Amino acid sequence: MTLLNNKQPLAHEVVEDSNPTDNIDFQTIISRRLNRRSILKGGTGLTAAAFFGALPLVGCSDDDDSSPIKNTDNNAAIPAQGDLKRPETLKFTAVAHSTAETMSVAAGYKAEMILPLGTPLISGIDDWKDNREQSAESFEWRMGDNHDGMWFFGKNGGTYNAKASDNGLLVMNHEYVNSNELSPFGYHVIQDNNAAPIFKNRRLASDVRREVNCHGVAVVEMKRRADGMGYEMVPDSKFNRRLTSSSTAHLTGPVAGSDLVKTKFDPTGFQTRGINNNCGAGLSPWGTYLTTEENFLGVFARGQDASQLSDGQNYGRERYGATEDFPGWEYLWHTPEAKDAKIADEFSRWDMTAVGTSAAEDYRNGFNTFGYITEIDPFDQNSMPQKRTALGRFAHENCAYAPVEQGKPVVFYMGDDARGEYIYKFVSKATWSNSDIGGGLKAGDKYLNDGTLYVAIFNEDGSGEWKALVHSQNGLDASNTALPFNGQDEVLVFARAAADVVGATKMDRPEWVSVSPMTGEVYVTLTNNKYRGVREDQPVSASNPRSYQAGEKAAGNDNGHIIRWAEAGGDHAAMSFEWDIYLFATPYDLTAENLSQLNDSNDLSSPDGLYFDPRGVLWIQTDDGAYTDTTSCMLLAALPGKVSDGTAITTSAGQQTRVGMPASNDNIKRFFVGPEGCEVTGITMAPDFKTLFINIQHPGNTWGAIAGGSTPRSATVMITREDGDVILAESFV
């Protein structure tokens, strides 16, 4: 997320942290469950069995890493690979560190920019022109800003085909806006020191409309180029579409119709206006797009209204960062003045202050209609986005499903990207049927509107458990002091507070989730957390074990790590799991904290984007501010093992934990480095593995600018092999 008024910090620098709870910490767990002295005495010689106990791993044979992936029930909407196996080692030459203005990719590959900010999706709209504002309304048919999570949907005729590669729909998120990209001359802000605190700075309606239209999702039809290398947009395709923060969305599931989401826009509580701050993304097993709403807090404001609300309502707002006199993150979407009531409503919906006699007269509940996994059917251009409230409301980073199996529930995993927040999973009530592939939003109604939301607890001994967030269970009832839960709608709208009650584990910014097609194990990036080991409510723990000072940087977990787990018995609906830390990110020369033995070919900082391709190759992207003096953000390819393939270690903070097998040039390597100032994010691959798509956010200098221009633009990068073969072909020989 970014700030306006020409103050341009990178996305990772604005992170919400509103968890005031003091859930049981791992130091307490240590004293209760383990003898710390004996653990430390064991040092790195502690065996996996002693550390983890005897929980079963996901079933896999010794040669899983080289087994071909079949297009079986377990792959559902993921394309087939034939006999293509995951490589045993990575053969490409690692890309060196770089802080250049341009991007760099592994030798033998070509990386080219496509679909930058402002690209028209239909005829009749001017091309992007540098150093002049594009009209706000035109962005209803242009590529938005800060491209993020995405997916390539193979297309055969007018329908979805997971195996099709010559033609497809590239669907991507536009997370937020950069003022220096959209308005090179800066925004006009009117100051009024006599106004209420949240209205001291006002903005022009046209500027706000432009930003609103730059958020959301783009659907772009792509076709293979004539030379067979990569893709180009299909102009004026009937599938080309923008869904923005002005688009109407439908609320579904247990929260739909609740008093908590009734607003002046829809007093019945079944619709809201806008999808916002769409970060990571996912695919559903039936072939629809799952977008996320992450830092939605930043576009809302709240004035002084605590006296108009109950203690529980106030706590619920504050638990999501919305305190009194909160102006938002300088977007100021609520501030344009308009005499016409309809136009005024366009902007007042971003002000959650309770000013009417009921929720039907204001937008006090508008805030509660954001923060959901939202399903979009890219093949139905007239369909409405569906906010799937059963999956909970929080700062969703992405959404990944586990391999599906006929007759068993569908399971989705999600992270809440804020310091000290939690990891969740959703288990559908309905059981999977292969006949639902291609079923569109009706299949979503079946699997996503009814089920159980769980939150993770990572125990100190390497075990873990899932706690249900269900009304009347685990203390989630009206007797809860801070926020009484009177129904399942309140549990889901205030999922964070519900997770607090059941004792969920505070993590270091849980971001992207991905599930290995080789082992079924689940991987989550924990990007960083400056408060780890610094604040009393976030002590070091086995699952978040590092707090260290590097040079002039303050203590905390600056560089992040990747955690993973295996569900008990290989069943993703299980209530327990076994975990370890797959990888600790760090500069390779930070000896005391280089616990994964990284070198200058594979070191990284702040892992964020995460994607297992169907062959089992793990792609890791970074959103960093701690190592950017040495190298810009990057993309790495990795070949992970499985939980418990490493050893026990002790961090410099004195915390015992467990790390996976050491990194080497055979199993993890830097594949791409972005231009200076950027974040590398969003990733998908064509079904034939010949094209890899990634996104570049907030680049510096003039990257992405038109010829002769000076304004940088976020864009998609298309990576192909120079010989036209599949990505990583050199590793498959």
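This is a short exchange on how some terms apply to a predicted model.

Biologist: What is the overall make-up of the chain in secondary structure?

Modeller: The chain comes to 10 helices and 36 strands. Of its 733 residues, 63% are buried. Its accessible surface is about 24100 Å², and 47% of that belongs to carbon and sulfur atoms. Among contacts with a separation of 6 or more, 69% are between residues 24 or more positions apart.

Biologist: Why is Asn-278 called buried?

Modeller: Buried means under 20% relative accessible area. Asn-278 has a relative accessible area of 0%, so the term applies. This residue is found in the loop between S12 and S13.

Biologist: What makes the pair of Asn-278 and Thr-291 a polar contact?

Modeller: The cut-off is 3.5 Å between N or O atoms, where one must be able to donate a hydrogen and the other to accept it. The two side chains are in such a contact at 3.2 Å, and because the limit is 3.5 Å, that value qualifies. Asn-278 also touches residues including Asp-148, His-174, Glu-175, Gly-216 and Glu-293.

Biologist: How do you know that S12 and S13 are edge strands?

Modeller: Strand S12 (271-273) and strand S13 (281-283) each pair on one side only. They belong to an open sheet of six strands in the order S12-S11-S16-S15-S14-S13, with mixed pairing. Neighbouring strands there are turned by 30° against each other on average, direction ignored.

Biologist: Why do S11 and S12 count as paired?

Modeller: Two strands pair if there are at least two bridges between them. S11 (residues 248-252) is joined to S12 by three bridges, and because at least two are required, the pair counts; the strands run antiparallel. Within this pair, His-250 stands opposite Gln-271 in S12.

Biologist: What makes S28 a largely enclosed strand?

Modeller: Six of the six residues of S28 (residues 607-612) are buried, so the strand is largely enclosed by the rest of the structure. S28 pairs with S29 (residues 618-622) in the antiparallel sense over four bridges. Leu-610 has Ile-620 in S29 as its bridge partner. The hairpin has five residues between the strands, and Gly-616 in it takes a positive phi near 100°.

Biologist: Which residues have the most contacts inside the largest nonpolar core?

Modeller: They are Trp-619, Ile-620, Phe-671, Phe-672 and Leu-692, in a core of 136 residues. A second, separate core has 27 residues, including Ala-400, Tyr-413, Trp-579 and Phe-584. As background, nonpolar side chains tend to be buried together in soluble globular proteins. Leaving aside neighbours within four places in sequence, Ile-620 is in contact with residues including Ile-562, Leu-583, Leu-604, Met-634, Leu-636 and Ile-668.

Biologist: Why are S2 and S34 placed at the edges of their sheet?

Modeller: Strand S2 (109-114) and strand S34 (679-685) each have a single partner strand, so one side of each is left without a neighbour in the sheet. The sheet is open, has four strands in the order S2-S36-S35-S34, and its pairing is antiparallel. Its twist averages 25° from one strand to the next.

Biologist: How many bridges join S34 to S35?

Modeller: Six bridges join S34 to S35 (residues 691-697), and the strands run antiparallel. Because pairing needs at least two bridges, these six are enough for the pair to count. Glu-679 has Gln-697 in S35 as its bridge partner.

Technical notes:
Residues numbered from 1 in each chain as written. Predicted model: local features only at pLDDT ≥ 70, side-chain atom pairs only at ≥ 80, totals over all residues. Heavy atoms only, no water. Helix = DSSP H or I, 4+ residues; strand = E, 2+ residues; numbered from the N terminus. Axes fitted to C-alpha atoms, helices over the stretch in contact; angles between N-to-C directions. Buried < 20%, exposed > 50% of the residue type's maximum accessible area, 1.4 Å probe, protein only. Contact = heavy atoms within 4.5 Å. Areas by Shrake-Rupley, 256 points an atom, 1.4 Å probe, with all protein chains shown as cover. Core = buried A, V, L, I, M, F, W, Y, C linked by side-chain atoms within 4.5 Å.
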